[in-house]
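Here is a short report for a reader meeting this structure for the first time.

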Amino acid sequence: MTYSKKLESSFGYDVRKNLPGILFYRIENMAVPGLPDLLCAHPNRGFFTLELKVTRSKKVDFSPHQIAFHKTCPGPTFILIKALGQSALILYQGIKIQELLDKGLDALPLIQGPMDPYTWSKIHDSLIKLEPTV
């Protein structure tokens with residue numbers, strides 16, 4: 001396991017701990033490359049996906065398959081980034097992946113804040129709200 005994968009795996013534990021009431025299913029498969037890390041379910045929201053990324057810089061790396069998934073998936077998809085350099089959590093809608101690729105962490109996020117309970121709460125509320133987040 002690479003150092004980056006270890007950081008993302010650890011981040012996955014933080015996500016499960018800090019977003020109560022959401023069911024998380026870790027997706028490990030070779031059949032559908034680019035599928036986000038977590039399939040999530042909530043009684044009010046239904047299903048959505050969450051891609052987890054950890055970065056030390058303003059650049060976020062995605063595989064071509066991950067990019068294609070977020071550009072073409074009709075359902076709600078999200079990208080949650082743990083920005084180590086900024087000590088921040090940043091949530092993007094999956095459909096904003098091209099802006100994230102072009103601008104890095106300077107792209108306009110859905111939610112951004114320090115790694116604290118208040119930011120986790122704002123992320124939780126954004127993920128489970130019923131209206132479209134576009």
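From the N terminus on, the protein chain runs α-β-β-β-α-β-β-α-β-α. That comes to 4 helices and 6 strands. The model is predicted.

Consider the overall dimensions. The C-alpha trace spans about 35 × 35 × 30 Å along its principal axes. The radius of gyration is 14 Å, which agrees with the value near 14 Å for a compact globule of 134 residues. Of the 134 residues, 43% are buried. Among contacts with a separation of 6 or more, 53% join residues 24 or more positions apart.

Now the surface and the charges. The protein chain exposes about 7300 Å², and carbon and sulfur atoms supply 59% of that area. There are 16 positive and 12 negative side chains. The centres of the two sets lie 2 Å apart.

Which aromatic rings pair up? The structure holds 2 aromatic pairs. Their geometry is as follows.

| Pair | Centre distance | Plane angle | Type |
|---|---|---|---|
| Phe11 and Trp120 | 6.5 Å | 50 degrees | tilted |
| Phe48 and Phe78 | 5.8 Å | 90 degrees | edge-to-face |

The pair of Phe11 and Trp120 links distant parts of the chain, 109 residues apart. Phe11 sits in helix α1 (residues 3–18), and Trp120 in helix α4 (residues 117–128). Phe11 is buried at 0% relative accessible area. Trp120 is buried too, at 7%.

Phe48 and Phe78 are 30 residues apart and also link distant parts of the chain. Phe48 belongs to strand β3 (residues 46–55), Phe78 to strand β4 (residues 77–83). Phe48 has a relative accessible area of 1%, so it counts as buried. Phe78 is buried as well, at 1% relative accessibility.

Conventions: Residues numbered from 1 in each chain as written. Predicted model: local features only at pLDDT ≥ 70, side-chain atom pairs only at ≥ 80, totals over all residues. Heavy atoms only, no water. Helix = DSSP H or I, 4+ residues; strand = E, 2+ residues; numbered from the N terminus. Rg over C-alpha atoms; globule rule 2.2 N^0.38 Å. Buried < 20%, exposed > 50% of the residue type's maximum accessible area, 1.4 Å probe, protein only. Contact = heavy atoms within 4.5 Å. Areas by Shrake-Rupley, 256 points an atom, 1.4 Å probe, with all protein chains shown as cover. Lys, Arg positive; Asp, Glu negative; His and termini not counted. Charge placed at Lys NZ, Arg CZ, Asp CG, Glu CD. Phe/Tyr/Trp six-rings, centres within 6.5 Å; stacked < 30°, edge-to-face > 60°.
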